[in-house]
Amino acid sequence: QVQLVESGGGLVQAGGSLTLSCTASGSFISDNAIAWYRQPPEKQREFVARIARDGSALLADSVRKRFTASRDNSKKVVFLQMSSLRSEDTATYYCNVPSPRNWNQPLNSWGQGTQVTVSP
């Protein structure tokens, strides 16, 4: 298990933007597809986006037109760029390695996550 570290969260007004980062030690990030997940208050964790090693990304329908996933393998970091934020985006955001067979199933232990709070 590798420690994943999410950062970049904060409090933002509706319509605003934030960029989250996901890092890990060694070559873990560059060696793996990485997915973003989020857990809204009192709800189950849900899939947000997956970015393959080559940088190709797939996003959940709820965020596809507003979020972008990218990566910089040389810097060993994956980003989730969020714009036009809505109150329903309020959640703790996590990154992890998704199972190839089920992207909702992570392969690594969870990090601490980063809190995103969108105010009306």
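Thr19 has its place in strand β3, strands being DSSP runs of E with at least two residues, and helices runs of H or I with at least four, numbered from the N terminus. The model is a predicted one, in which local features need pLDDT of at least 70 and side-chain atom pairs count only at pLDDT 80 or more, while totals for chains, interfaces and linings use all residues. Residues are numbered from 1 along each chain as its sequence is written, and side-chain values use heavy atoms, with hydrogens and water left out.

**Thr19**
- Thr19 is partly exposed, with a relative accessible area of 38%, where buried means under 20%, exposed over 50% and partly exposed in between (1.4 Å probe, protein chains only).
- Leaving aside neighbours within four places in sequence, Thr19 is in contact with Ser7, Gly8, Phe79, Leu80 and Gln81, contact meaning heavy atoms within 4.5 Å.
- Thr19 and Thr68 lie 49 residues apart along the chain, and their C-alpha atoms are separated by 9.2 Å.

**Nonpolar core**
- In the largest nonpolar core, which has 32 residues, Phe67, Leu80, Met82 and Tyr93 touch the most other members; such a core is a set of buried Ala, Val, Leu, Ile, Met, Phe, Trp, Tyr and Cys residues joined through side-chain atoms within 4.5 Å.
- Elements giving two or more residues to this core include β3 (18-24), α1 (28-31) and β10 (114-119).
- Beyond its neighbours within four places in sequence, Tyr93 is in contact with residues including Leu20, Phe67, Leu80, Met82 and Val116.
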